[in-house]
Amino acid sequence: MDPQIRRRIDSALFIVGFFVLWEALCWAFGVSDIVLPKPSQIIVTLVERMPALWPHALQTLYTTLVGFAFGIVIGIALGALIGSSRLAYDVAYPLLIGFATIPKVAVVPIFVLWFGAGTVPAVLTAMIMSIFPIVVNVATGLATTEPELEDVMRALHASKFDILWNVGLPRTMPYFFASLKVAITLAFVGTVISETVASNRGIGNVMMIASSNFDVPLVFAGLLILAVMGILLYAMFSLLEARVTGWAHRKDELSMG
Amino acid sequence: MTSSAAAEHATKHSDFFVELEGVTLNYGRGAKQIKALGLTNLRVPQGDFVALVGPSGCGKSTILKLVTGLLRASSGYVYVAGREVGAEAVRVGMAFQNPTMLPWLTVRDNIMMPLKIVPPFREQYRRKRKSEFHDRAEALLKEVGLANFGDKRPWQLSGGMLQRASLCRALIHEPQLLMLGEPFGALDQFTREELWAIMQELWIKLRPTVLLVTHDLKEAGYLANRICVMRARPGVIIDDAEVPFPRPRTIEMSYTPNFVSMTQRLRELIVTAHPATEAA
């Protein structure tokens, strides 16, 4: 059998096996629904409550993507600045690390204070969660440009912008796309955190209410939705990465698609 | 003196295409200061081919960087095309031991990179005269023996092929000044000799002023009109001699007694020239 297909089958079997084991263990030990619902039950809940869950899922997706888009724009700008200027690196890097270390839950109330509860703090939280990996990766990509290459460009009297545009940024793309995969999942986390704390919409909010009603299967249904959306977006950016930066992994069979 | 003559005097400093006048270069400051280049004078007429040889760390590459304006002299003056370096945009091509091709571009696009940067090609590039440049890149690739490799990616090429491509990139914008920093250093003997022949052919055809830094005395003898021998710490030129052999030169020539005795003399000079700091 083609080893590639074989690997895919193995992977699929393992995932299905995980859920089967979960189901079996719940049966075997008679685990209560309030503690850990069975996968079959989660699916049933998901299908039954889909009409009610759907708008919330869309809200979470929308919030995440908007925050993520802002995160990309600001992340690239900051990364380009930090990666190409020594001074900016020295000044901004410690600040950035300090900022990235702050638990984002602590930031949400501030956003709520400034902008009121709802979509805006969720977008902002998703944004600040996704900025850090993008900045670090873009800056690293730029800072590791071969000095000889820069010499060749400078001897041609290339401007700083020429070098950034023709050498720095393309060189950074593999780092950038690798960071996007990480950042999109973080953006989801940010959105859900914010929805949990201060919103009346979104999957985070649904899960919050469901858990206070001890509707544990619904909580898990929410988790499942988040996981599926996360995987889909991750896969999307992986595909995009393989398309755009194929030159960086010449013989990569591990990339998706 | 009339005012126009004064202006002429103020802008025109040197009759040579490249001139180093009393140049020194120090790295670092204070006690940690390293003298990379001692008092150096060098004059290269337009269209000449000069090789710089010497032990490693003797400041050969420093001279390349000074002439391209990548480094500023600590004292003295560097003139290129009669003006102080950097004052006027002289078209410069560079090739190093490391070919530094951009992996995300095809070989042809890599070679065309200088056309995107250097005026006057830059403006034409924007005006979509790409196809003409395309042909030029193709012609140059053919000349170095890479006729069908334009669409390949750099990592699909061998080291020798990459170095050929690197030469193309250094030459595509018709540079007046060509800087070669041990471009053939990492290649095997046969590839190297083949590239010497290609390099000589291109030089005879295009006639840029060339500064070649190398460790290989045979290479210097084969390619250059003049060989400058340098001593290390601080780097100074201790010998500057014409290479008397006619062009086009051949590999066979490098086995003649005259050629061998020339390289032996150069070798002697380099081996016996101890750094000034060690002698003191």
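The contact between the two chains takes 19 residues from chain B and 17 residues from chain A. Two residues are in contact if their C-beta atoms, placed from the backbone, lie within 7 Å. On the side of chain B that touches chain A, two elements give two or more residues: strand 6 (92-96) and helix 4 (113-117) of chain B. Helix 4 of chain B supplies the largest share, four residues. By class, this side of chain B has 14 nonpolar, three polar and two charged residues. Here Ala, Val, Leu, Ile, Met, Phe, Trp, Tyr, Cys and Pro count as nonpolar, Asp, Glu, Lys and Arg as charged, and the others, Gly among them, as polar.

This is a predicted model, in which local features need pLDDT of at least 70, side-chain atom pairs count only at pLDDT 80 or more, and totals for chains, interfaces and linings use all residues. Residues are numbered from 1 along each chain as its sequence is written, while chains are lettered from A and ligands numbered from 1 in the order in which they are written.

**Chain A overall**

Chain A has nine helices and zero strands. Helices (H or I, at least four residues) and strands (E, at least two) are DSSP runs, numbered from the N terminus. The C-alpha atoms of chain A fill a box of roughly 75 × 60 × 30 Å along the principal axes. Of the 257 residues in chain A, 37% are buried. A residue is buried if 20 or more other C-beta atoms lie within 10 Å of its own, exposed if 12 or fewer, and partly exposed in between, with C-beta atoms placed from the backbone. Take the contacts in chain A between residues at least 6 apart in sequence: 74% of them join residues at least 24 apart.

Two packed helices are described by the angle between their axes and the distance between the axes. In this model, axes are lines fitted to C-alpha atoms, for helices over the stretch in contact, and angles run from 0 to 180 degrees between N-to-C directions.

| Helix pair (chain A) | Axes come within | Crossing angle |
|---|---|---|
| Helix 2 (39-84) and helix 9 (216-244) of chain A | 9 Å | roughly 55 degrees |
| Helix 7 and helix 8 of chain A | 7 Å | roughly 50 degrees |

Helix 7 of chain A is thus oblique to helix 8 of chain A. Helix 2 and helix 9 of chain A are oblique to each other too. Angles under 35 degrees count as roughly parallel, over 145 as roughly antiparallel, 65 to 115 as roughly perpendicular and the rest as oblique.

The crossing of helix 2 and helix 9 of chain A is right-handed. A crossing is right-handed if the near helix is turned clockwise from the far one by less than a right angle, and left-handed if anticlockwise. Among the residues that meet are Q41(A), R49(A) and L61(A) in helix 2 of chain A, and P217(A), F220(A) and M229(A) in helix 9 of chain A. This contact has 12 nonpolar, two polar and one charged residues.

Helix 7 of chain A also passes helix 8 of chain A in a right-handed crossing. Helix 7 of chain A brings T191(A), V192(A), I193(A), E195(A) and T196(A), and helix 8 of chain A brings I203(A), G204(A), N205(A) and M208(A). The classes here are four nonpolar, four polar and one charged.

In helix 8 (residues 203-212) of chain A, I203(A), G204(A), N205(A), V206(A) and M207(A) are buried. The buried residues of this helix pack against helix 2, helix 7 (160-197) and helix 9 of chain A. Just after helix 8 of chain A, F214(A) takes a positive phi of about 60 degrees.

T191(A) lies in helix 7 of chain A. It counts as buried, with 34 C-beta neighbours inside 10 Å. The C-alpha atoms of T191(A) and F214(A) are separated by 23 Å.

**Strands of chain B**

An open sheet of four strands in chain B has the order 2-1-4-5, with antiparallel pairing. Strand 2 (34-44) and strand 5 (83-84) of chain B stand at the edges, each with a single partner strand, so one side of each lacks a neighbour in the sheet. Two strands pair if DSSP finds at least two bridges between them. Strand 1 (residues 18-27) and strand 2 of chain B pair over seven bridges. Helix 2 (residues 60-67) of chain B lies across strand 1, strand 2 and strand 4 (75-80) of chain B, at about 115 degrees to strand 1.

Strand 6 of chain B, part of the contact with chain A, pairs with strand 7 (residues 177-181) of chain B in the parallel sense over five bridges. F96(B) stands opposite G181(B). Five of the five residues of strand 6 of chain B are buried, so it is largely enclosed by the rest of the structure. V92(B), M94(B) and F96(B) cover one side, G93(B) and A95(B) the other.
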